[in-house]
Amino acid sequence: MKTIFKTAAVLIAGAVLLGAAAAFAIDNSPPLPDPRLQQRYLNLTHELRCMQCQNESLADSPVGLASDLRRDVREQILAGATDEQIRDLMVSRYGEFILFRPRLNARTAWLWFAPAVLMLVGLWIGVRVLRDRQRRVDVMGPPDEDAARAESSDP
Amino acid sequence: MNRFILPLGAFGLLLVVLVVGLVHAPEKGIIVSPLLGKPAPQFSLPGLLDQTSPLQAQSLRGHWTLVNVWGTWCGECRAEHETLLAIKAQGRVPIYGIDWKDDDAQARAWLNELGNPYDRVGADREGRVAIDWGVYGAPESFLVNPEGTVVYKYVGALTLEVWQREFLSRLL
């Protein structure tokens, strides 16, 4: 029985590793000459969306368009463009949608700040509800004593 | 009564946000091109059929143009071809094709076999020009005005109904 579990575990681990290997194999272009440039290349291709598959990054997508866009990112980096210039270029062709992390501007401000605002509102409501309940309990007196008395009077 | 005001208010607000989102949502899966209202990108492509006539940004000046991105590997493009031939027959605007990441010989054979709706075809063998046009899936069609400004973009196979409704209505 134990060996069956062991075999299963090994098989699952193998499958996971294979999956990981496949994910890395999508971008098989040679690394850029400078490790710092290569790091920028990796960062950018991970934060740009593959427009054809839409939920994968350029780095993770096997389609032709993604590899063309990776080539473009690589060439831009080698030509001396900054990350921001490359992002701007991509946005000018495909729109903000190509960025996985939307940039902070007037249109996206609510997207960035709404979660914090909503959490504060939620906290405020929570505190109010708790206080309300506390006040009502105070007025009614501790219910535990009543319960204890009821229990003891039970024959 | 008082204790319902807050949740009801929050619910009402949420409803407003969702309805506004639904009304303003672009057609499902269609991404609005940032090119609209801007000059067409600078480009120059070798001619597919006539080596001496390249397709370039200047070719789009002085007349309305339908720019159509296609490829022989694209199934939808085959479905669209009839419509392009019909638009060609109407003769309202020249159709310029960008043959996207294609094999030249195959592309010529396709036009010989199915008929050629294009006044010019540029061969974008490496897919660089298509990227500059913000293309993410063929077929895509752009309407360019005589000043060379991109006026409209349609993603997917054109039909005569779409041509009538979205393109011809914009021609001045």
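**Entry 1. Cysteines**

I began with Cys50(A), which is buried at a relative accessible area of 1%. Buried here means under 20%, so the value of 1% puts Cys50(A) in that class. I then looked up Cys53(A), which has a relative accessible area of 27% and is partly exposed. I note that I am reading a predicted model.

Next I looked for disulfides and found one over all chains. It joins Cys74(B) to Cys77(B), with 2.1 Å between the sulfur atoms. I checked its hand: the torsion about the S-S bond of Cys74(B) and Cys77(B) is about 90 degrees, so this disulfide is right-handed. Both Cys74(B) and Cys77(B) are buried.

**Entry 2. Chain A as a whole**

I listed the elements of chain A and got six helices and zero strands. Read from the N terminus, the order is α-α-α-α-α-α. Chain A has 155 residues, and 23% of them are buried. I also looked at contacts in chain A with a separation of 6 or more; 48% of these are between residues 24 or more positions apart.

I picked Arg87(A), which sits in helix α4, residues 83–94 of chain A. Is Arg87(A) buried or exposed? Its relative accessible area is 16%, so Arg87(A) is buried. Setting aside residues up to four places away in sequence, I found Arg87(A) touching Leu44(A), Glu47(A), Leu99(A) and Arg103(A).

Ser92(A) is also placed in helix α4 of chain A. With a relative accessible area of 40%, Ser92(A) is partly exposed. I looked up what Ser92(A) contacts beyond its neighbours within four places in sequence, and found Pro34(B) and Leu35(B).

**Entry 3. The contact between the chains**

The size of an interface is often given as the accessible area lost when the parts come together. For chain B and chain A the buried area is about 1,400 Å², and carbon and sulfur atoms give 56% of that. On the chain B side, Ile31(B), Ile131(B) and Tyr136(B) supply 39% of the area buried against chain A, which is more than any other three residues.

**Entry 4. The cavity**

I searched for cavities of 30 Å³ or more and counted one. The largest cavity holds about 30 Å³ of space. Which residues line the largest cavity? From chain A I noted Met51(A), Arg93(A) and Tyr94(A). From chain B I noted Ile31(B), Val32(B), Ser33(B), Pro34(B), Gly134(B), Tyr136(B) and Lys153(B). By class, the lining of the largest cavity has six nonpolar, two polar and two charged residues.

I cross-checked the names with the previous entry. Ile31(B) and Tyr136(B) line the largest cavity, and both belong to the three residues that supply 39% of the area chain B buries against chain A.

I looked up the second largest pocket, which has a volume of about 530 Å³. Its lining has 14 residues, and those closest to the centre are Ile125(A), Arg128(A), Val129(A), Asp132(A) and Arg3(B). Two helices each supply at least two lining residues: α5 (109–140) of chain A and α1 (2–24) of chain B. Of the elements, α5(A) gives the most, with eight residues. I sorted the lining of this pocket by class and got six nonpolar, one polar and seven charged residues.

**Entry 5. Backbone and loops in chain B**

Most residues other than glycine have a negative phi, and most peptide bonds are trans. I looked for departures from this.

Lys101(B) is not a glycine, yet has a positive phi of about 45 degrees. Lys101(B) lies in the loop between β4 (95–100) and α3 (104–114) of chain B. Lys101(B) is partly exposed, at a relative accessible area of 32%.

The peptide bond between Ala138(B) and Pro139(B) is cis, with omega about -5 degrees. I placed Pro139(B) in the loop between α4 (128–132) and β6 (140–144) of chain B.

Last I looked up Gly62(B), in the loop between β2 (55–56) and β3 (65–70) of chain B. Gly62(B) counts as exposed, at 64% relative accessibility. Gly62(B) and His81(B) are 19 residues apart along the chain, and 26 Å separates their C-alpha atoms.

Note on methods. Residues numbered from 1 in each chain as written. Chains lettered and ligands numbered in written order. Predicted model: local features only at pLDDT ≥ 70, side-chain atom pairs only at ≥ 80, totals over all residues. Heavy atoms only, no water. Disulfide = S-S within 2.5 Å. Buried < 20%, exposed > 50% of the residue type's maximum accessible area, 1.4 Å probe, protein only. 1 Å grid on protein atoms, 1.4 Å probe; cavity = no way out; pocket = protein on both sides within 12 Å on 5 of 7 lines; lining within 4 Å. Points joined across faces, edges and corners; volume = space filled by probe spheres on them. Helix = DSSP H or I, 4+ residues; strand = E, 2+ residues; numbered from the N terminus. Nonpolar A, V, L, I, M, F, W, Y, C, P; charged D, E, K, R; others polar. Buried area = accessible area lost by both parts, 1.4 Å probe. Contact = heavy atoms within 4.5 Å.
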